[in-house]
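Please keep the structure open while reading.

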Amino acid sequence: MHHRTATVDGHRVFYREAGPDQAPTVLLLHGYPTSSHMFRELIPALADRYHVIAPDHLGFGQSDTPPVDEFEYSFDALASITEGLLDALDVERFAIYVQDYGAPIGWRLALARPERVTAIISQNGNAYEAGFVESFWAPIWAYAADPGPGNETALRGALGLEAIRWQYLHGVSDPSLVSPDTWTHDHALIQRPGNDAIQLRLFRDYATNVALYPRVHEYFRESRVPLLAVWGANDGIFGPDGARAFRDDLPDAEIHLLDAGHFALESDLDTVAARVRDFLGRAVA
């Protein structure tokens, strides 16, 4: 596995890369509060057969974290940076593996140039309102509607160590399978000076992803893109109805619900990797 950087629109983007250059490309798009670090074990499980690229979004991981007065953090902007990275690497076509924030970034890539996307794997990457667990999302919707001090204070708790630890452990039948390195690593990077403002901007912008859903559903119906949902069914953020909903627009979507939580790769890596390899082997020439 190579650990590389590229400059996109003047910003340093870190990415992990492995596998043969001429093999079909699989783009791994991470969620909050992590980075390409979440794919550290999945990448070698795919790289014997595929060209795998896993970038860190701006504001996350090892990529640049320009302050909010120098970069307009939004899901549109993060998708644009990702598209610029693919262009810099001369990647024309690719399958996408999306999780959490990676999903709205991936949907934007597909809507911009649908011919580029060969297949989709969604691991707790939402595209339907049915997937939202209301108790988790209510404070985010409130902050998007009114980013005043009271609603902001309610969300700042999501940046703390215990909240990040909860994301990794909730819904996991055997928490001892999940390394504490995961949440301590993510928390340390989220706590960098100025990163709180970045994350709050993205929390507020999340409502734009819901507004995009009708276009995403139309894309699914028109493209009939092959899709696999391999989903932690015990996720307290994106519930299993979000996985089942893919069949509303893609009747042939393959849905597999796991006895796992939000970060299924941490507890069920072998199961996820086997499902992904089987699916890509049939979906991607």
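## Largest pocket

The largest pocket has a volume of about 210 Å³. Its lining holds 16 residues, and those closest to the centre are Phe136, Ile140, Leu155, Ala158 and Phe203. Two elements each give two or more residues to this lining: helix H4 (134-145) and helix H5 (149-156). H4 gives the most, with 4 residues. By class, the lining of the largest pocket divides into 12 nonpolar, 3 polar and 1 charged.

The terms are as follows. The search runs on a 1 Å grid over the protein atoms alone; a pocket is an open set of points with protein on both sides within 12 Å along at least five of seven lines, a cavity is a set where a 1.4 Å probe fits but cannot get out, and lining residues have an atom within 4 Å of a point. Points are joined across faces, edges and corners, and a volume is the space filled by probe spheres set on the points. Ala, Val, Leu, Ile, Met, Phe, Trp, Tyr, Cys and Pro count as nonpolar, Asp, Glu, Lys and Arg as charged, and the others, Gly among them, as polar. Helices (H or I, at least four residues) and strands (E, at least two) are DSSP runs, numbered from the N terminus.

## Model basis

This is a predicted model: local features need pLDDT of at least 70, side-chain atom pairs count only at pLDDT 80 or more, and totals for chains, interfaces and linings use all residues. Residues are numbered from 1 along each chain as its sequence is written, and side-chain values use heavy atoms, with hydrogens and water left out.

## Cavities

How many cavities of 30 Å³ or more are there? The count is 2. The largest cavity holds about 50 Å³ of space. Its lining includes Val13, Asp56, His57 and Leu78. H2 gives the most to this lining, with 4 residues. The residues divide into 6 nonpolar, 2 polar and 1 charged.

The second largest cavity holds about 40 Å³. Among the residues that line it are Pro33, Phe60, Asp186 and Arg192. Its lining has 4 nonpolar, 3 polar and 2 charged residues.

## Overall fold

The protein chain has 12 helices and 8 strands. Its C-alpha trace spans about 50 × 40 × 40 Å along the principal axes. For 285 residues, a compact globule would have a radius of gyration near 19 Å; the chain has 17 Å, which agrees. That radius is taken over C-alpha atoms, and the globule rule is 2.2 Å times the number of residues to the power 0.38.

Of the 285 residues, 56% count as buried (under 20% relative accessible area; exposed is over 50%, partly exposed in between; 1.4 Å probe, protein chains only).

Why is helix H3 (residues 102-112) described as largely enclosed? Because 10 of its 11 residues are buried. Trp107 and Arg108 are among them. Their cover includes strand E3 (25-29), helix H2 (75-88), H9 and helix H11 (246-249).

Gln167 sits in helix H6 (residues 161-169). Gln167 is buried, at 5% relative accessible area. Beyond neighbours within four places in sequence, Gln167 is in contact (heavy atoms within 4.5 Å) with Tyr32, Pro33, Ile237, His262 and Phe263.

Glu222 belongs to helix H9 (residues 207-223). Glu222 is exposed, with 62% relative accessibility. Its C-alpha atom is separated by 9.5 Å from that of Leu250, 28 residues apart along the chain.
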